[in-house]
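Q: Please take a close look at one part of this model, residue by residue where that helps. Then set that part against the rest of the chain.

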Amino acid sequence: MPPIVDATLEETAPALERTGIDAVDSPSFIGKALGELLAAAGVAPEKIDEALTLQTERGGRLGDILVQQKVCTEEQVARALAQQLRLDFATQIAADEVAPELVQKVPINFAKQARLIPLRLLEDGSVLCAVGDPLDTAALDNLSVLLDAPLTLQVTPTQSIVDAINAIYDRAANESQRLVDDLEAEDLASIEHALEEPQDLLDTNDEAPIIRLVNSLLFRAVKERASDIHIIPSERDIDVRFRIDGVLAEVIRPPKRFQSSIASRVKIMGGLNIAEKRLPQDGRIRIKLAGKDIDIRLSTTPTIHGERIVMRLLDKSAVLLELNSIGFDTHQLTIMESLIHKSHGIVLVTGPTGSGKTTTLYAALARINTPDLNIMTVEDPVEYQLKGISQTPVNAKIDLTFANGLRSFLRQDPDVIMVGEIRDLETAEIAIQAALTGHLVFSTVHTNDAPGAITRLVDMGVQPFLVASSVVGILAQRLVRVLCEDCKKDHVPTAEELAEIGLTTADVRAAPGGRIYSPQGCKACNNVGYRGRLGIYELMLIDADITQLILKNVDSGTIKREAVKKGMRTLLDDGANKVLQGKTSIAEVLSVTQEDMN
């Protein structure tokens with residue numbers, strides 16, 4: 001947040017001047033310090049005295065110190081500052097009340113850095129502006145120049161201003177279809193020609209409709225939390241889809257004649273060869289949208305109707321999830337904590353593509369990441385950068401495979417190693433060797449359930465006694481969509497529905513509130529009924545009895561029955577538990593676990 005100060009007469013004079021208040025004639029409120037106003041609002045005076053002492057010792061501004069010490073909130077400080085300067089105060093800013101023509105005059109970077117935004121033109125010819133720090137006279141002078149008008153100030157908490165800036169500047173994200181309509185009305189022959197010629201693209205005007213359309217799709221994808229953008233050519237048009245919470249949904253259908261232009265624009269952004277349309281290509285795009293650093297993995301594949309494009313969006317500014325926030329219950333979390341703090345052994349995470357395995361591994365690494373541990377990873381690709389951890393991407397072109405990367409790690413004195421995936425016997429054997437020589441190894445395999453990981457390793461050619469002596473725990477997982485809290489509705493299940501998920505009416509009555517829910521759809525969740533995802537888990541420990549079954553090379557079904565007998569909760573059981581907690585629906589759990597019951 002920008003500095004919020006305990007203003008002096010000299011500091012407040014410029015701000016008062018631009019709001020039409022004469023500081024010299026208003027000693028009654030100028031003389032009242034920010035601390036006094038906060039004390040009158042209920043902040044403990046002794047805490048304010050402590051903050052004043054810190055201010056004397058270290059310098060800085062009283063408002064900043066009070067917020068940092070958690071003595072009061074940013075809103076309380078902003079409200080007191082508005083009172084001190086006799087300015088209006090607003091807790092929130094409604095994006096639809098902001099004049100677009102004013103916002104267009106203010107660069108987003110300036111607005112975010114200065115924590116201000118113009119709202120609307122007033123009758124006296126001034127522009128009402130929401131500001132976090134009304135005493136930042138340099139920023140206010142710059143804003144006045146940009147708007148070519150005097151300012152009337154309204155104090156607003158900085159987080160509310162940032163939220164409004166993101167929402168307002170994201171309006172372009174909702175204009176994809178309008179831009180397609182604009183394309184229909186324009187003669188794009190010259191643009192299509194330019195997009196075919198690399199030398200002309202460097203000089204392409206940013207106002208070109210194709211560029212605006214692609215930018216609009218990226219804005220919208222980020223705003224709607226899409227993980228992937230699919231651009232799929234068909235015989236008569238182009239199908240653009242977003243994958244949100246694991247489900248593809250159609251967004252727009254631009255006309256077929258714009259296919260080449262859109263593909264070329266995206267390929268140029270990713271540094272690909274726009275002249276090569278017969279071979280698959282992979283690239284990467286790095287952009288910044290609404291204050292977020294987005295890393296986009298780009299893949300093109302030729303089809304009979306043209307190049308199909310898929311963009312995987314990775315929000316580099318996203319907060320890394322913690323183990324206790326991705327769906328583990330207390331018992332599962334306790335077991336996971338014990339596994340990831342072992343000194344040696346292999347911990348496997350299993351599940352199909354897109355089931356959140358990498359997120360779980362990153363959360364585990366972040367949990368144990370301390371300066372006294374040397375943690376190294378080899379991944380395909382490195383999706384998020386973890387501070388203090390050495391991460392290596394595989395590179396088939398130079399023969400840097402999982403196996404070769406893992407082999408080199410063993411000469412780097414590691415304590416913990418993460419291998420993106422065990423795909424072959426060579427990688428499996430090196431991972432087992434590392435585990436048996438005192439290293440903790442995390443990795444993934446593709447199987448439907450936890451016991452299936454054992455038979456998968458054996459099928460690769462690993463001896464059962466090596467599996468039994470190295471693997472310490474296996475976690476199978478799926479992602480289920482979370483019901484939207486704003487619109488989920490009560491659901492009265494039939495006996496057949498409950499039987500499918502292994503529940504009874506007595507279980508439902510014992511649930512919190514004695515009810516379960518189903519999706520409905522509202523504006524907050526884009527009328528889908530779900531918003532966000534969380535994991536359901538099947539966590540199997542390798543104890544003495546399981547070890548004996550592995551040594552006998554029994555099938556995974558036998559291992560699973562023994563694990564369940566010892567208390568392992570299956571994926572379906574954990575999903576049913578989250579249904580009873582009101583987090584997801586019966587249909588959603590069944591959709592991701594059906595294959596495991598067949």
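**A hairpin and its surroundings**

A: Proline 118 stands opposite cysteine 129, which belongs to strand 3. Strands here are DSSP runs of E with at least two residues, helices are runs of H or I with at least four, and both are numbered from the N terminus. The model is a predicted one, in which local features need pLDDT of at least 70 and side-chain atom pairs count only at pLDDT 80 or more, while totals for chains, interfaces and linings use all residues. Residues are numbered from 1 along each chain as its sequence is written, and side-chain values use heavy atoms, with hydrogens and water left out.

Strand 2 (residues 116–121) and strand 3 (residues 127–131) run antiparallel and are joined by five bridges; two strands count as paired if DSSP finds at least two bridges between them. The two strands form a hairpin with five residues between them. In its turn, glycine 125 has a positive phi of about 90°.

Elsewhere, an open sheet of mixed pairing is built from seven strands in the order 13-12-14-15-11-16-19. Strand 13 (390–393) and strand 19 (530–541) are at the edges with a single partner strand each, so one side of each has no neighbour in the sheet. From one strand to the next the twist averages 20°; angles run from 0 to 180 degrees between N-to-C directions, and axes are lines fitted to C-alpha atoms, for helices over the stretch in contact. Strand 13 pairs with strand 12 (residues 375–379) in the parallel sense over four bridges, and serine 390 in strand 13 is the bridge partner of methionine 376.

Leucine 348 lies in strand 11. Leucine 348 is buried, with a relative accessible area of 0%; buried means under 20% relative accessible area, exposed over 50% and partly exposed in between (1.4 Å probe, protein chains only). Beyond its neighbours within four places in sequence, leucine 348 is in contact with Ile422, Ser443, Ala453, Leu457, Val471, Gly473, Ile474 and Leu475, where contact means heavy atoms within 4.5 Å. From leucine 348 to valine 471 there are 123 residues in sequence, but 7.7 Å in space, C-alpha to C-alpha.

Threonine 300, placed in strand 9 (residues 292–303), is buried too, with a relative accessible area of 1%.

Helix 20 (residues 450–460) packs against helix 25 (residues 556–565) at an angle of about 145°, with the axes 8 Å apart. Pro451, Gly452, Ile454 and Thr455 of helix 20 make the contact with Ser556, Ile559 and Lys560 of helix 25.

For the chain as a whole, the mean pLDDT is 83, and 85% of the residues reach 70 or more; pLDDT is the predictor's confidence in each residue, from 0 to 100. Over residues 186–206 the pLDDT is below 50. Residues 1–31 likewise stay under 50. The protein has 27 helices and 19 strands, and 50% of its 598 residues count as buried.
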